[in-house]
Amino acid sequence: MDLSGFVNRKKKSIQQQALMLKELASNPRDMGTLCPSSAALASEMAGALSRSVIKRGACVEIGAGTGPVTAALLDRGVPRERLVVIEKSPALAECLAKRFPGVDVKCRGAEEMGECLAGYPPVSAIISSLPFRSLPEDVSHAIMSEADRVLSFGGIFVQFTYALLGEMPFIPSGFRKVRSRFVLLNIPPAKVEVFLKPRRRGAVTD
Ligand SMILES: C[S@@+](CC[C@H](N)C(=O)[O-])C[C@H]1O[C@@H](n2cnc3c(N)ncnc32)[C@H](O)[C@@H]1O
């Protein structure tokens with residue numbers, strides 16, 4: 001067993017947890033959680049991206065925190081040069097840029113995501129860890145209307161929530177839920193939902 005590798009990984013994970021707690025103390029509504037997402041949750045989020053979605057365009061991750069979902073997206077095969085990671089907290093954005101060299105990390109609000117995408121192909125997937133239930137309602141609306149604006153027809157929007165029952169609020173009209181799965185191996189347990197922006201409004205596509 002590689003003891004020093006194990007110790008290093010543990011040390012990094014404790015540092016990331018400490019950073020999340022520090023951010024939570026100063027921005028509780030923006031964080032919406034105590035712990036980074038588990039590997040199981042991150043892999044369920046990334047697993048929503050089919051090969052064709054990955055090949056078709058750019059992927060935008062919003063609210064990346066310390067990066068568990070970013071790591072899962074890279075493992076899933078999203079090319080670094082077509083992944084844009086948007087994180088509002090400067091401390092977390094710095095942590096992400098160090099952890100994922102070559103990935104375009106933008107320290108911006110997701111409500112400005114269109115401004116982060118110059119030079120990228122059309123967006124085929126948006127992967128969100130944003131805590132929509134705790135963000136101010138006008139911010140949530142602004143983010144989802146921007147998501148609707150930048151996402152291509154046929155693209156997907158992936159979101160997790162700790163609210164195991166009930167519907168995800170703020171989803172733009174016309175988006176269709178195509179998958180909903182529980183992830184029990186997370187603190188707390190979560191639900192991952194995938195929404196499709198149909199190719200034509202009202203059309204049913206895969
Ligand atoms: C639930 S936490 C991150 C979860 C992340 N998957 C993890 O496991 O570390 C939500 C993240 O969204 C970020 N955030 C909140 N409001 C934002 C906004 N308007 N734009 C971009 N990021 C935002 C927070 O700073 C926080 O890092």
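1. Let me start at Ser-26, which lies in helix 1, residues 3–26. Helices here are DSSP runs of H or I with at least four residues, strands are E runs of at least two, and both are numbered from the N terminus. Ser-26 counts as exposed because 10 other C-beta atoms lie within 10 Å. The cut-offs are 20 or more such atoms for buried, 12 or fewer for exposed, and partly exposed in between, with C-beta atoms placed from the backbone. Between Ser-26 and Leu-151 there are 125 residues in sequence and 31 Å in space, C-alpha to C-alpha.

2. A word on the model before going on. It is a predicted one, where local features need pLDDT of at least 70 and side-chain atom pairs count only at pLDDT 80 or more, while totals for chains, interfaces and linings use all residues. Residues are numbered from 1 along each chain as its sequence is written.

3. Helix 1 also holds Ala-18. Ala-18 is exposed, with 11 other C-beta atoms within 10 Å. From Ala-18 to Cys-35 the separation is 17 residues in sequence and 9.2 Å in space, C-alpha to C-alpha.

4. Next, the ligand: 26 residues surround it, and the closest are Ser-37, Gly-63, Gly-65, Lys-88 and Ser-129. A residue belongs here if its C-beta atom, placed from the backbone, lies within 6 Å. Helix 2 (28–31) and helix 5 (68–76) are the elements that give two or more residues to this shell. By class, the shell has 13 nonpolar, nine polar and four charged residues; nonpolar means Ala, Val, Leu, Ile, Met, Phe, Trp, Tyr, Cys and Pro, charged means Asp, Glu, Lys and Arg, and the others, Gly among them, are polar.

5. Do look at helix 3 (residues 39–47) against helix 5: their axes come within 8 Å and cross at roughly 50°. That angle makes helix 3 oblique to helix 5. Residues in the contact include Ala-42 and Met-45 of helix 3, and Val-69 and Leu-73 of helix 5; contact requires C-beta atoms, placed from the backbone, within 7 Å. The contact of helix 3 with helix 5 has nine nonpolar, two polar and two charged residues.

6. Finally, two backbone details in loops. Ile-187 and Pro-188 are joined by a cis peptide bond with omega about -10°, and Pro-188 sits in the loop between strand 6 (176–183) and strand 7 (190–196). Phe-170, not a glycine, has a positive phi of about 75°. Phe-170 is found in the loop between strand 5 (151–161) and strand 6, and is partly exposed, with 18 other C-beta atoms within 10 Å.

Technical notes. Axes are lines fitted to C-alpha atoms, for helices over the stretch in contact, and angles run from 0 to 180 degrees between N-to-C directions. Angles under 35 degrees count as roughly parallel, over 145 as roughly antiparallel, 65 to 115 as roughly perpendicular and the rest as oblique. Two residues are in contact if their C-beta atoms, placed from the backbone, lie within 7 Å.
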